[in-house]
Amino acid sequence: MEHIDGAPLATPTIKIEEPVYPVRCESSGGDGALSTGVSLGPGRSALAGGIYHTRSRARSLLRGSMDRRSGNRTSHDLMTYVTHDVEEGEEWRDGDQKRKQIFKGKMLMWLAYQSVGVIYGDIGTSPLYVYSSTFTSPPNYEDLFQVLSVIIWSLTIVVTLKYVLIFSMPTMKANITDRDPREQVTVRLERHLSQDLGPTNRTVRAGIEKSKFTRGLLKTIGVLAVSMVMADGVLTPAQSVLGAVQGLKVVRSDISSPTVVGTTCGILILLFAIQPFGTTKLASSFAPIVILWLSFNFGFGVYNLVHFDWAVLKAFSPYFAFQFFTQHQAHAWRMLGGILLAFTGVEALFADLGAFSLRAIQLSWSLFVYPCLLLAYIGQAAYISVRPDAYDNPFFNSVPPGMLYPSLVVAVLAAIVASQAIITATFQLVSQIMKLSYCPQVKVVHTSRTFHGQLYVPFLNWLLMIGAVLVTAVYSDTTRLGNAYGVCVMFVTFFDTCMVTLIALIVWKFSPFLVFISWLVFASVDGLYLSSALTKVPDGAWFTLTLSGILACLFLLWRFGKENQWRAEAEDRFKPTDLVRKDEEGLLKLTDKWGGDPLSAIRGFGVFFDKTGVLTPSVFTHFVSKFVSVPDVAVFFHLHPVEKPSVEPEERYKVSHFTAVPGCYRLVVRHGFMDEVISPDLGALVYAEVRRFIIRQACDRLGVDGTAQEKEVGDDTEMEEQEETAGADGVTDSGQSGETNSADAGGSTSDSKDRKSTAKPGEREREKQPEPVPVPRVTFAPRAPLPVELRDDRVAAEVARLDRAYAAKVMYIVGKEQMRVSRGSSLFRRGILSVFLWIRDNTRAKIANLRLAMDRVVEIGFVKEI
């Protein structure tokens, strides 16, 4: 995953490249030591690479060059490791669960401000057309009161009470679905103990977990809800922008239909073209427009309420809403298809929780958006009660004098940005269903380092743009688009009600009686609106239902294929002790399950690419079982993304040691969505980290300070250089060098003069002879202690094994997995899995994308049946 923060075109990638080989030369010292071009001390060579923050990459390189000149080492290079042997190498997974971001104070208010610009554009522009969509003729006073009461209580029940307050409560999950092994580490699954649940709640949960049909039904409902939101993601931009452009006919009625359609398509292309700027920038830019628009509605509502009919405030009584259904019955039911437009966009509010915090949404809705919308509908009703003919264009007809043109400009801008809510929601949903393995992996870009949930999905963005432009060109009128609008919204709200009801039973542990009563109220409201909206299916709603059905089938097909793939791949993942063991002589051999043959050793350093980071990689299993051999050193290399911008330096590299296989390790490189993995020589990086782990492990075993040991080892070279310099100046027989102290030299001269002045004549002849050169005095610094890797025979042998293997050759062993449908499958199952395999083969990453030196790559092919 990538990150952009600032320039929209900045798209850094996670790269593993190897354009050059490391320079190796055998050391003159023993024990197979070698020079690799990779610093094994605290400093890290640029050749080996590592993880760098995308924004500070250039600054890091500059600091690194300065540090090399000064000989300093930075804390950036200090790493911590798993310092104890593990059987399965999974300790690196601890603490990797995604943590909820909590914002307070100014940051919370900033998020609330942003949410206004993104979430409420759709629901905020509903006052433009709700009354005109509900009434087909000028309404009488009583009907207007009743419809206004239904609008007020629909906004209160469906949006405020259900979505903003209840649906946003903290949730945990029941154990009803499998997960991709790569994603399990990022998910924290919390379940109540059985005895903590009531009998009814416990029965419901057990029934869900044990019933294959119930689990399948819940999957289908969830996927349908997501698919319907995405289908609205195609329809909503076309509806809102086309309505905005058609609004220009208020001031100029002779604008032709082709001009309207062409202008709409141009605006849509521009709207989707600016999505790479990210949610924060778009929200900050759109928020003033939406705030101004809602403020206009609030002000106009107060103006109309004061100048026309304040008695419409009686519509707050639910009596008028019930009277609406009792008096009009079937006609009232059909009119609900227009009233539901008052809260279209509520489905995006729930989906956008990932981009904005819960508290920010609650604040922005309760304190600003909700009051503005209530005053907008109340004010329009007050105006229409005096002038019933104004129902066909309620907003512009009720504008106070002198505000028509300013309100027209703001209304057009607000309608254009209204589709941002569903676009952002679609990005959020695709990101989530990819993590749940309901969708093939596509590129996802994080657009903020502060707000981790704000995303941009390039492929989906351009797909939505094409769909919106095509829909606009085909329908070309908001009336025809309006017939297709609203059905998916009500399906989603009804599905959400059912899902949250289950959560209330098995997670929140609410009383079944209380849950049933609440479900009955919300489901009745949703059912009324849904049944009314279904009357639009023949007139255009069939389009969104068909599109959502196609998407749901695709998602379910992918999930079905992934579940079969996981089951097939699980056969090759187990503990190393299930694959190899040591015989009585300490030699490695396959276990009896795999034939029991002794394993031969291959000279070299093998890097096995591990896509799960748990147990034994499939590629290692097939390599060992097919070649009946194992490299001198085998390292399971796993790149693990973490749900945060950047990983702290001390947490980036995690090395584990497998005790069952000598010379077998796992290296996990943890990186955030703002980090880059850059390694011109991946083998050198892996070798350096494993060697550092061995030394650090030895330090812990011997009770030596690892940091101090690295400092000693780093200073040893400097000390040797000083000694060589001293030896070049000259060394006497007594072992002293030819370096003098200036104070001693001065003292010797003074003593000589004194002796000359007091000597006898016979002695002066002897004094004329040249004096011997004074012997300089040098104090040696104590030699550094023996390196820790040489103090222990076991550690010395392990380091020597690692050095010899790396000096011999480096191999990158990659699994090339092929899948085929088992022969005994039914025709229907074979067809579904064949489609899955075709999509999988055309969407998965290729080995060429890793940019490794291809002459070092060994591909191990194997076939799995699903």
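Biologist: What makes Phe-324 count as buried?

Modeller: Its relative accessibility is 1%. Buried means under 20% relative accessible area, exposed over 50%, and partly exposed in between, using a 1.4 Å probe and protein chains only. So Phe-324 counts as buried. Keep in mind that this is a predicted model, where local features need pLDDT of at least 70, side-chain atom pairs count only at pLDDT 80 or more, and totals for chains, interfaces and linings use all residues. Residues are numbered from 1 along each chain as its sequence is written, and side-chain values use heavy atoms, with hydrogens and water left out.

Biologist: And why is Phe-325 called partly exposed?

Modeller: Phe-325 comes out at 27% relative accessibility, so it counts as partly exposed.

Biologist: How many aromatic pairs does the structure hold?

Modeller: There are 35 aromatic pairs.

Biologist: Why is the pair of Phe-324 and Phe-325 called edge-to-face?

Modeller: Rings of Phe, Tyr and Trp (its six-membered ring) pair if their centres lie within 6.5 Å; planes under 30 degrees apart are stacked, over 60 edge-to-face, and the rest tilted. Here the ring centres are 5.3 Å apart and the planes sit at 70 degrees, so the pair is edge-to-face. Elsewhere, ring pairs join Phe-608, Phe-620, Phe-623, Phe-627, Phe-636 and Phe-658 into a cluster.

Biologist: What makes α11 oblique to α12?

Modeller: The axes of α11 (residues 318-328) and α12 (residues 330-339) come within 6 Å and cross at roughly 130 degrees. Angles under 35 degrees count as roughly parallel, over 145 as roughly antiparallel, 65 to 115 as roughly perpendicular, and the rest as oblique. That leaves α11 oblique to α12. On the α11 side, Phe-324, Phe-325 and His-328 make the contact (heavy atoms within 4.5 Å). Their partners in α12 are Ala-330, His-331, Ala-332, Met-335, Leu-336 and Ile-339. By class, the residues of that contact are seven nonpolar, two polar and no charged.

Biologist: Why does α7 get called oblique to α20?

Modeller: Helix α7 (residues 199-210) packs against helix α20 (residues 487-506) at about 120 degrees, with axes 8 Å apart. By the angle classes, α7 is therefore oblique to α20. Asn-201, Val-204, Arg-205 and Ile-208 of α7 meet Leu-502, Leu-505 and Ile-506 of α20.

Biologist: How do you know that Ser-419 is buried?

Modeller: Ser-419 has a relative accessible area of 0%, so it is buried. Ser-419 sits in the loop between α16 (404-417) and α17 (420-435). Leaving aside neighbours within four places in sequence, Ser-419 is in contact with Thr-236, Pro-237, Ser-240 and Leu-271.

Terms used: Helix = DSSP H or I, 4+ residues; strand = E, 2+ residues; numbered from the N terminus. Axes fitted to C-alpha atoms, helices over the stretch in contact; angles between N-to-C directions. Nonpolar A, V, L, I, M, F, W, Y, C, P; charged D, E, K, R; others polar.
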